[in-house]
Amino acid sequence: MGLFDSQYSNKAGQVDQNRLPRHIAIIMDGNGRWAKQRGLPRTAGHKVGAEVFRKIATYCKNLGVEYLTVYAFSTENWKRPETEVSVIMGLLKQYMLEAIDSMERDQIRLRFLGDLSAISPELQELVERTNAISSRIEGFQANVCLNYGGRDEILQAARTFAAECAAGEAAPEELTADRFGGYLYSAGIPDPDLVIRPSGELRLSNFLLWQCAYAEFYFCDTLWPDFDERALDAAIIDYQRRDRRFGGIK
């Protein structure tokens, strides 16, 4: 099987193809606990979790979802043991190398969101290569949040706008929500419709704080390495049962 291959399909037909969330965001949580339950090092959980991301990304594309955004490494994750961080970065490198070989064939765009100045020059170069390939592709886009924090993103955006004001290029009263969104790492990407967090935790953990203003949330106890296409179906079906009013009345 290739990088973006998947053998699962929604045969039951429970997911309404006409009411799919345009953008799904996932906090990939539970890798360490999954490994601990099996007497394995935490790094083993991250390796399995990386494979699950490939599988879920493929399924989203095949289902008709336009955007998938995953939380791969937060600004706080640098506090983890050096060996664990090294393994995560190694997995990212492996994923990007494989993606570079298959993105055009599979018509999957790849974009990295976050402060990429902190990652290694080698990874930065691979990001530039995936960006160049993505610019030639239309269709499904997978976004990987790398060295990402929601508060940091908002602060970076505020600093950028403040610098423009100081340079006389903008005025404070010109700032709108839409314009502010253009300063975020996610500029040009629609806000997520559905945010999924597996593993039983019930918090956002600094993920897409601005973008999630009107997102629907779905929590489940499944640890990320055990999350599969059927688990995603369950989240989408739950989403489709909801009445999204965006602060209004229907």
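Serine 205 lies in the loop between strand 5 and strand 6; strands (E, at least two residues) and helices (H or I, at least four) are DSSP runs, numbered from the N terminus. The model is predicted: local features need pLDDT of at least 70, side-chain atom pairs count only at pLDDT 80 or more, and totals for chains, interfaces and linings use all residues. Residues are numbered from 1 along each chain as its sequence is written, and side-chain values use heavy atoms, with hydrogens and water left out.

Most residues other than glycine have a negative phi. Serine 205, which is not a glycine, has a positive phi near 55°. Its relative accessible area of 29% makes serine 205 partly exposed (buried is under 20%, exposed over 50%, partly exposed in between, with a 1.4 Å probe and protein chains only). Asparagine 147 also has a positive phi, of about 50°, without being a glycine. Asparagine 147 belongs to strand 4 and counts as buried because its relative accessibility is 4%.

## Strands 3 and 4

Strand 3 covers residues 109-113, and four of its five residues are buried. Strand 3 runs parallel to strand 4 (residues 141-148), and five bridges join them; two strands pair if DSSP finds at least two bridges between them.

Together with helix 4 (residues 121-134), strands 3 and 4 make a left-handed β-α-β unit. A crossover is right-handed if, with the strands pointing away from the viewer, the path from the first strand over the helix to the second runs clockwise.

## Aromatic pairs

Rings of Phe, Tyr and Trp (its six-membered ring) pair if their centres lie within 6.5 Å; planes under 30 degrees apart count as stacked, over 60 as edge-to-face and the rest as tilted. The count by this rule is ten aromatic pairs. Phenylalanine 161 is in helix 5 (residues 150-166), while tyrosine 183, 22 residues away, is in the loop between helix 6 (177-181) and strand 5 (194-197). Phenylalanine 161 is buried at 7% relative accessible area, and tyrosine 183 is buried at 18%.

Tyr71, Tyr148, Tyr185 and Phe207 form one aromatic cluster.

## Leucine 223

Leucine 223 sits in the loop between strand 6 (216-219) and helix 7 (229-240). Leucine 223 is buried, because its relative accessibility is 9%. Leaving aside residues up to four places away in sequence, leucine 223 touches Asp29, Gly30, Arg33, Trp34, Gln37 and Ser199 (contact means heavy atoms within 4.5 Å). Aspartate 29 is 194 residues from leucine 223 in sequence, and their C-alpha atoms are 6.6 Å apart.
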